[in-house]
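Open the model in your viewer and keep the selection tool ready. We will go from stop to stop, selecting residues as we go.

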Amino acid sequence: MTTATSEMNGLDERLARIVAMGIADEAIDRETARMLLDGDPHEDLWPLVHAAGLIRRHFYGDLVRVHRLNNVKSGACPEDCGYCGQSKDSDAPIQAYKLQSKDSILAEAAQAKASGAFRYCMALAGTGPTDSEIDHMVDCISEVKSKFGLETCLSAGLMDESKAHRLKAAGLDRLNHNLNTSESMYPEICTTHTYAQRVETLHAAKSAGLGVCSGIIVGMGETSEDIIETALALREIRAESIPVNFLLPIEGNRVLDVRHNGAALTPAVCLRILCLFRLINPSAELRMAAGREQHLRSFQSAALEPANSLFIDGYLLTKGSGVESAMQLIVDAGMKPEFDGPAPKGLREILDGGTAYATIKDEKLSEPKLAKLRVRGVESKEC
Ligand code: SF4
């Protein structure tokens with residue numbers, strides 16, 4: 001708090017007031033939100049990022065939570081979400097499979113632990129889980145908790161309170177169910193279930209004592225107003241965790257054209273949107289989620305000012321950057337991954353201020369690879 005206060009000296013009066021509100025966990029109003037989102041995305045971008053960073057540091061210091069996602073049941077979903085390759089309406093060439101065995105789910109949890117993940121997220125395609133799927137996930141979650149002690153999150157579609165209670169009793173920490181967009185835009189992206197049903201699921205999770213993870217997909221043709229509506233709705237629900245996804249268009253899906261306010265999504269727009277979510281939900285765990293690599297691109301380090309969490313090793317249906325580059329990104333931003341226990345051995349060199357390049361030391365390098373390293377300023381494979 002003291003740090004934030006002293007660093008506010010460099011901000012103009014309006015941003016200093018916004019930071020003070022954020023530290024008190026108060027949201028900015030709609031008018032301010034509109035002003036911050038509209039106009040030239042580059043204008044006064046860095047003071048805004050700095051302000052969002054001061055609020056984030058007040059609640060989370062310089063720590064970053066790393067999440068690893070396992071799509072435990074894929075495809076064959078009867079819903080028609082236009083952005084999703086698992087939908088009945090999509091022709092995306094995805095690999096569909098039934099609910100994974102306990103052994104597979106535990107093996108992925110072991111991988112998550114070994115790669116330094118703070119939280120292991122499991123996702124099931126479908127409208128909602130059957131009783132037997134809940135039985136299976138209850139069994140898996142209690143073993144993930146007892147064997148690895150990882151924080152857990154489950155995404156399983158629509159859910160009532162009794163199922164949520166069973167998952168809570170098994171040790172589940174959070175239930176994910178994204179709002180994805182504003183209530184008014186929702187019928188444009190999905191017609192087989194409603195926005196209200198999504199909100200009901202989040203209330204069921206809350207009533208069962210689960211933490212709530214719920215976010216947005218940016219780039220589906222929404223306006224700034226839709227973004228603000230969604231951020232305010234998540235504040236009303238008091239979502240503990242907010243993933244901000246940026247649309248990854250998958251050929252075969254209905255929603256393919258990446259647009260925001262009628263224009264292309266740029267890194268500056270993505271960064272502003274992350275800042276806005278921090279200013280409306282100051283104390284939430286804010287994740288730069290799917291699409292960070294493609295849409296934030298070289299702004300990913302800066303995005304760790306508003307955001308305090310990210311995914312490693314890809315998303316539901318698409319690849320993302322691996323653990324080493326994510327850890328390097330965190331270290332380069334002057335931050336630290338939050339581990340539950342000691343840092344995994346393979347990452348210590350990066351975390352101690354080394355570089356991801358150091359991990360290639362033991363490889364037998366061909367002359368073309370060595371030439372590439374020299375271009376990057378690495379003089380010898382022993383350096
Ligand atoms: S987002 Fe979920 S509910 Fe919607 S189509 Fe995909 S798997 Fe089904």
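Predicted model: local features only at pLDDT ≥ 70, side-chain atom pairs only at ≥ 80, totals over all residues.

**Stop 1: a charged patch**

Asp-40 sits in the loop between helix H3 (30-37) and helix H4 (45-60). Its relative accessible area is 44%, so Asp-40 is partly exposed.

**Stop 2**

Next, select residues 63-73, which form strand S1. Is S1 mostly covered or mostly open? S1 is mostly covered, with nine of its eleven residues buried.

Which strands pair with S1? Take them in turn:

- Strand S12 (residues 336-337) runs parallel to S1, and two bridges join them. Select Leu-63 to find its bridge partner in S12, Lys-336.
- Strand S11 (residues 309-312) also runs parallel to S1, joined by four bridges. Here Val-66 has Leu-310 in S11 as its bridge partner.
- Strand S2 (residues 119-124) pairs with S1 in the parallel sense over six bridges. Look for Tyr-120 in S2, which stands opposite Arg-68.

As you step along a strand, remember a general point. In a regular strand the side chains alternate between the two faces of the sheet.

**Stop 3**

Which side of the cut-offs does each partner fall on? Buried means under 20% relative accessible area. Arg-68 has 10% relative accessibility, so Arg-68 counts as buried. Glu-108 has 28%, so Glu-108 counts as partly exposed.

**Stop 2: two further salt bridges**

The model holds 24 salt bridges in total. Select Arg-174 and Glu-285 for another one: their side chains meet at 3.2 Å, N to O. Arg-174 lies in strand S4 (residues 174-176) and Glu-285 in strand S10 (residues 285-288), so the pair ties together parts that are 111 residues apart in sequence. Both of these residues, Arg-174 and Glu-285, are buried.

Move on to Glu-240 and Lys-206. They form a salt bridge, and their closest N and O atoms are 3.2 Å apart. This pair links distant parts of the chain, 34 residues apart. Glu-240 is in the loop between helix H10 (224-237) and strand S8 (241-246), while Lys-206 is in helix H9 (residues 195-207). Glu-240 is partly exposed at 31% relative accessible area. Lys-206 is partly exposed too, at 27% relative accessibility.

Now select Arg-65, Arg-119, Glu-151, Arg-174, Glu-285, Arg-287 and Glu-338 together. Salt bridges that share partners join these residues into one network.

**Stop 3**

Where is Ala-76 found? Look in the loop between S1 and H5. Ala-76 counts as exposed, with 76% relative accessibility.

Then select Asn-261. Asn-261 is not a glycine either, and its phi is positive at about 55°. Asn-261 is in the loop between strand S9 (259-260) and helix H11 (267-280). Asn-261 is partly exposed, with a relative accessible area of 38%.

Definitions and conventions
Residues numbered from 1 in each chain as written. Heavy atoms only, no water. Buried < 20%, exposed > 50% of the residue type's maximum accessible area, 1.4 Å probe, protein only. Pairing = 2+ DSSP bridges. Salt bridge = Lys/Arg side-chain N within 4 Å of Asp/Glu carboxyl O.
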